Amino acid sequence: MGTRKQDDLVLEAKRTRTRPPPLFKVMLLNDDYTPMDFVIVVLQKYFGMDRERATRVMLQVHREGMGVCGVFPRDIATTKVEQVTSFARQHQHPLACVMEEN
């Protein structure tokens, strides 16, 4: 940017860089009661996965205790967690959906 003189004082514009927002992983946690088919439906409906990918993530949740559904900015991650939790409760399942900073 340009430089201006004002009574022997030189003012220079500073360039600032904005950082991208922090990202958060949204994860499903395994439980002994939520049916596998329901987890697949959740992954398809709220995370836009096709059936094959949703099945892989569901199996990861089942075998490893948790699975990553996606990585999002904070507001979107929070909304996804709330939507999944609400949907699970409406269908009387204890499915847990959480988020953590990436």
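## Fold and aromatic contacts of the chain

The chain comprises 3 helices and 5 strands. The model is predicted. Read from the N terminus, the order of elements is β-β-β-α-α-β-α-β.

In overall dimensions, the chain has a radius of gyration of 22 Å, whereas a compact globule of 102 residues would have one near 13 Å. Along the principal axes, the C-alpha atoms occupy a box of roughly 75 × 25 × 20 Å. Of the 102 residues, 31% count as buried. Among contacts with a separation of 6 or more, 68% are between residues 24 or more positions apart.

The structure contains 3 aromatic pairs. Two of them are tabulated here.

| Pair | Distance between ring centres | Angle between planes |
|---|---|---|
| Phe38 and Phe87 | 5.3 Å | 10 degrees |
| Tyr46 and Phe87 | 5.5 Å | 65 degrees |

With planes at 10 degrees, under the limit of 30 degrees, the rings of Phe38 and Phe87 are therefore stacked. Because Phe38 belongs to helix α1 (residues 36-47) and Phe87 to helix α3 (residues 74-90), this pair ties together parts that are 49 residues apart in sequence. Phe38 and Phe87 are both buried.

The planes of Tyr46 and Phe87 stand at 65 degrees, over the limit of 60, so this pair is edge-to-face. Tyr46 lies in helix α1 and Phe87 in helix α3, so the pair ties together parts 41 residues apart in sequence. Tyr46 is buried, as is Phe87.

Methods:
Residues are numbered from 1 along each chain as its sequence is written. This is a predicted model: local features need pLDDT of at least 70, side-chain atom pairs count only at pLDDT 80 or more; totals for chains, interfaces and linings use all residues. Side-chain values use heavy atoms; hydrogens and water are left out. Rings of Phe, Tyr and Trp (its six-membered ring) pair if their centres lie within 6.5 Å; planes under 30 degrees apart count as stacked, over 60 as edge-to-face and the rest as tilted. Helices (H or I, at least four residues) and strands (E, at least two) are DSSP runs, numbered from the N terminus. Buried means under 20% relative accessible area, exposed over 50%, partly exposed in between (1.4 Å probe, protein chains only). The radius of gyration is taken over C-alpha atoms; the globule rule is 2.2 Å times the number of residues to the power 0.38. Contact means heavy atoms within 4.5 Å.
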